Amino acid sequence: MSLKLLVISDPHVQEPLSAAHPRRESWWIAGEVHTRAAEDPVEAMPSMFDEEELHPAAILVPGDVAHKASPTGFKVGWDRIRLIASDLGGLPVFGTLGNHDCQSRDANGDPFRIAKRVQTFPAGPPGPPPSYYEQGFAIVELTTGCELVVVNSALHHFTEAQARAGTFDQAAIDRLAAALKTRPRVSRI
């Protein structure tokens with residue numbers, strides 16, 4: 001089975017520059033408009049794929065959509081990635097959380113609330129399988145006969161110290177193994 005995938009990793013979409021956020025820390029600023037498409041790698045992507053005759057089956061986003069847990073950065077980044085998917089023929093998009101996508105420095109709430117507000121994250125529609133946030137993984141169909149295992153390595157990012165390293169502990173591994181045993185045998189990524 002041959003499968004081409006487009007991977008968009010670590011876009012780190014930053015809040016718009018303002019008095020509160022005056023310093024550019026990422027190449028991608030939410031709301032920034034470039035005068036030429038070639039100046040914006042995201043904008044230039046669909047035409048490059050046409051020129052190179054590349055035809056991926058899906059887009060994978062392995063984390064850090066936002067920069068420093070920016071709700072605006074996450075929403076703008078994810079929406080724009082889904083727009084690229086649409087421009088490339090309606091590709092499915094699958095993502096996972098990175099440490100910058102979690103509000104682990106705020107001990108007063110759910111560190112995943114930014115992503116949970118986006119109904120199409122980590123895969124959708126129809127939205128995330130409940131197991132992604134509670135169990136640490138989701139198993140989703142990529143193509144007929146091929147499933148994608150989406151691991152939430154930020155599962156334990158409830159504090160700043162925990163956010164410094166991704167974790168997928170033995171309990172999560174055991175839950176994933178049990179879930180895979182109940183599913184039909186197919187190719188998995």
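Which residue in β6 does E147 stand opposite? E147 stands opposite R188. This structure is a predicted model.

## The sheet

Three strands form an open sheet. Their order is β4-β5-β6, and the pairing is mixed. The edge strands are β4 and β6, since each pairs on one side only. Strands of a sheet pair through backbone hydrogen bonds, either parallel or antiparallel.

## From β4 to β5

Strand β4 covers residues 137-143, and strand β5 covers residues 146-151. The two pair in the antiparallel sense, over six bridges. A138 stands opposite V150 in β5. E141 has E147 as its bridge partner in β5.

The hairpin of β4 and β5 has two residues between the strands. In this hairpin, G145 takes a positive phi near 80°.

## From β5 to β6

Strand β6 spans residues 187-188. Strands β5 and β6 run parallel, joined by two bridges. E147 belongs to this side of the picture too: R188 in β6 is the residue opposite E147.

## A charged patch on the surface

D50, E51, E52 and E53 gather on the surface in a patch of negative charge. One of these, E51, is found in helix α1, which covers residues 41-52. E51 has a relative accessible area of 64%. It counts as exposed because that value is over 50%.

Notes. Residues numbered from 1 in each chain as written. Predicted model: local features only at pLDDT ≥ 70, side-chain atom pairs only at ≥ 80, totals over all residues. Heavy atoms only, no water. Patch = residues over 30% accessible without salt bridge, like charges linked within 9 Å, V, L, I, M, F, W, Y side chains within 5 Å. Areas by Shrake-Rupley, 256 points an atom, 1.4 Å probe, with all protein chains shown as cover. Salt bridge = Lys/Arg side-chain N within 4 Å of Asp/Glu carboxyl O. Lys, Arg positive; Asp, Glu negative; His and termini not counted. Charge placed at Lys NZ, Arg CZ, Asp CG, Glu CD. Helix = DSSP H or I, 4+ residues; strand = E, 2+ residues; numbered from the N terminus. Buried < 20%, exposed > 50% of the residue type's maximum accessible area, 1.4 Å probe, protein only. Pairing = 2+ DSSP bridges.
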